[in-house]
Amino acid sequence: MEQGRGLAEAARDLGRLEATIAALSPEEAVGARERLALIEVEAMLRAQGLMLAQGEIGREVMEAGTRADPEAVRLARWAIRRLDGQGALADLPAFLGLHRRAGADDAPVPGLDLRPRGDDFDAAAAEFLQAADGFAALHPLARGPAILALWRMAGLSPPGHVVEPAIWSARHMAIGAEGVRFVPMGRHGRRVWTGYGPPADRLAAHLAALSAGAQEGRALIQRVRDWSARARSATAPIKGDNAARVIAVLAARPLVSAMEVEARAGVSRPTAERMLKRLTDLGLIREVTGHRRFRLWTVAV
C-alpha cells in the first residue's frame with residue numbers, strides 16, 4: 001500500500017513537470033531540459049566522488065574551457081549527451097561510447113576502464129538487457145532500483161562508477177514520457193544511485209527521490225518564468241525591443257555568451273554586450289566564468 005502511494009505521487013509529480021515543460025515555447029522547453037540535465041549530471045558526478053559544478057559542466061559543453069579534473073569533464077560531456085537522448089539504450093557498447101577511438105570525448109578513460117571487454121562485455125550486456133526486460137510488468141518509475149542492481153551485478157561499469165547506470169536508468173524510466181528525455185532526481189538521487197539495503201527500503205527512497213526531483217525541477221522552471229517577467233518589467237524603460245529579445249534568449253538557455261546572444265537575439269555584438277552589462281548591473285544575471293574572454297552569463301533566479 002505504501003509503495004503504491006509513493007509510485008502514484010512520483011507519477012503525479014512527473015506528470016506536472018511534463019505539463020509545465022509542454023506549456024513552454026519550443027526554445028524555452030529545450031532550455032528547461034538543459035537546466036535539468038546540468039543539475040542531474042552535477043549530482044551524479046558528486047555521487048561518484050567527482051566535484052564539478054553546473055557552471056563548469058556548462059562551460060565544457062560550450063567548449064569555453066575549465067581547469068577541472070579531465071576525467072570528470074569527459075564523463076560530464078558524455079552524460080549531458082546521453083541525457084539529451086544520444087545513444088540507444090538497447091545498444092550498450094554505443095551507449096557507453098565503447099566503439100569510439102581512445103581519447104575521444106565519449107571514449108572510456110585509458111587505464112581506468114575496468115569493465116569486461118569483447119565477448120565478455122557482449123555477454124554481460126545481453127544478460128543485463130534480458131533481465132531488465134523481465135521487469136516489463138512493473139511501472140517504468142518503479143524499475144529504477146532493480147535496474148541499478150542488475151547493472152552492478154552484470155559488471156557493465158567499473159566498480160564504484162555511478163554515472164553510467166544512473167544515466168541509463170533515468171533514460172529507461174522516461175520511456176513513453178512526453179516532454180522529458182530522462183526522469184530527474186537532482187540532488188535527491190545521490191542516496192539512490194549508491195544505495196544498498198532491503199529492496200522495499202530502496203524502492204521507497206527511489207520513489208521519494210523521483211517526487212522530490214520532479215517537484216524541484218518544476219519549481220526551477222517556474223522561477224525562470226518569473227525571472228523573465230521581472231526582467232521585462234525592470235527593462236521596460238529601455239527603448240525598443242532589444243532588451244526583451246535578449247531576455248528571451250537568457251530565459252531559454254542555461255548559459256549564454258555574448259556571441260550567442262548576438263546570434264539568437266538578432267542584435268549587434270555591441271548591443272549584446274551592452275544589454276548583458278545592463279542586466280548584470282540590475283542584478284538580473286551573473287557572469288559565471290570570471291574570465292575576461294569567453295565569458296558566460298546565466299539568469300539570477
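Reader: What is the volume of the largest pocket?

Author: In this predicted model, the largest pocket has a volume of about 530 Å³. Its lining is made up of 26 residues, and Arg35, Ile39, Gln54, Leu220 and Arg223 are those that lie nearest the centre of the pocket.

Reader: Which elements each supply at least two residues of that lining, and which gives the most?

Author: Helix 2 (26–47), helix 3 (54–61), helix 10 (199–234) and strand 2 (297–299) each supply at least two residues of the lining of the largest pocket, while helix 10 gives the most, with 7 residues. By class, the lining of the largest pocket has 14 nonpolar, 6 polar and 6 charged residues.

Reader: What lines the second largest cavity?

Author: The second largest cavity, with a volume of about 90 Å³, is lined by Leu24, Glu28, Ala32, Arg35, Leu220, Ile221, Val224, Arg225, Ser228 and Ala251. Helix 10 provides the largest share of this lining, 5 residues, and the lining has 6 nonpolar, 1 polar and 3 charged residues by class. A set of points is called a cavity because a 1.4 Å probe fits there but cannot get out, and by this rule the count comes to 4 cavities of 30 Å³ or more.

Reader: Why are helix 10 and helix 11 called roughly antiparallel?

Author: The axes of helix 10 and helix 11 (residues 242–252) cross at roughly 165° and come within 10 Å. Angles over 145 degrees count as roughly antiparallel, and helix 10 and helix 11 are therefore roughly antiparallel to each other. Their contact is made by Val224, Trp227, Ser228, Ala231 and Arg232 of helix 10 together with Ile247, Leu250 and Ala251 of helix 11, and by class it has 6 nonpolar, 1 polar and 1 charged residues.

Reader: What makes helix 12 and helix 13 roughly perpendicular?

Author: The axes of helix 12 (residues 258–265) and helix 13 (residues 269–281) come within 9 Å, and the angle at which they cross is roughly 115°. Angles of 65 to 115 degrees count as roughly perpendicular, and helix 12 and helix 13 are therefore described as roughly perpendicular to each other. Helix 12 passes helix 13 in a right-handed crossing.

Reader: Which residues of helix 12 and helix 13 meet?

Author: Ala258, Met259, Val261 and Glu262 in helix 12 meet Arg269, Ala272, Glu273 and Leu276 in helix 13, and by class this contact has 5 nonpolar, no polar and 3 charged residues.

Definitions and conventions:
Residues are numbered from 1 along each chain as its sequence is written. This is a predicted model: local features need pLDDT of at least 70, side-chain atom pairs count only at pLDDT 80 or more; totals for chains, interfaces and linings use all residues. Side-chain values use heavy atoms; hydrogens and water are left out. Axes are lines fitted to C-alpha atoms, for helices over the stretch in contact, and angles run from 0 to 180 degrees between N-to-C directions. Helices (H or I, at least four residues) and strands (E, at least two) are DSSP runs, numbered from the N terminus. Angles under 35 degrees count as roughly parallel, over 145 as roughly antiparallel, 65 to 115 as roughly perpendicular and the rest as oblique. A crossing is left-handed if the near helix is turned anticlockwise from the far one by less than a right angle, and right-handed if clockwise. Contact means heavy atoms within 4.5 Å. Ala, Val, Leu, Ile, Met, Phe, Trp, Tyr, Cys and Pro count as nonpolar, Asp, Glu, Lys and Arg as charged, and the others, Gly among them, as polar. On a 1 Å grid over the protein atoms alone, a cavity is a set of points where a 1.4 Å probe fits but cannot get out, and a pocket is an open set with protein on both sides within 12 Å along at least five of seven lines; lining residues have an atom within 4 Å of a point. Grid points are joined across faces, edges and corners, and a volume is the space filled by probe spheres set on the points.
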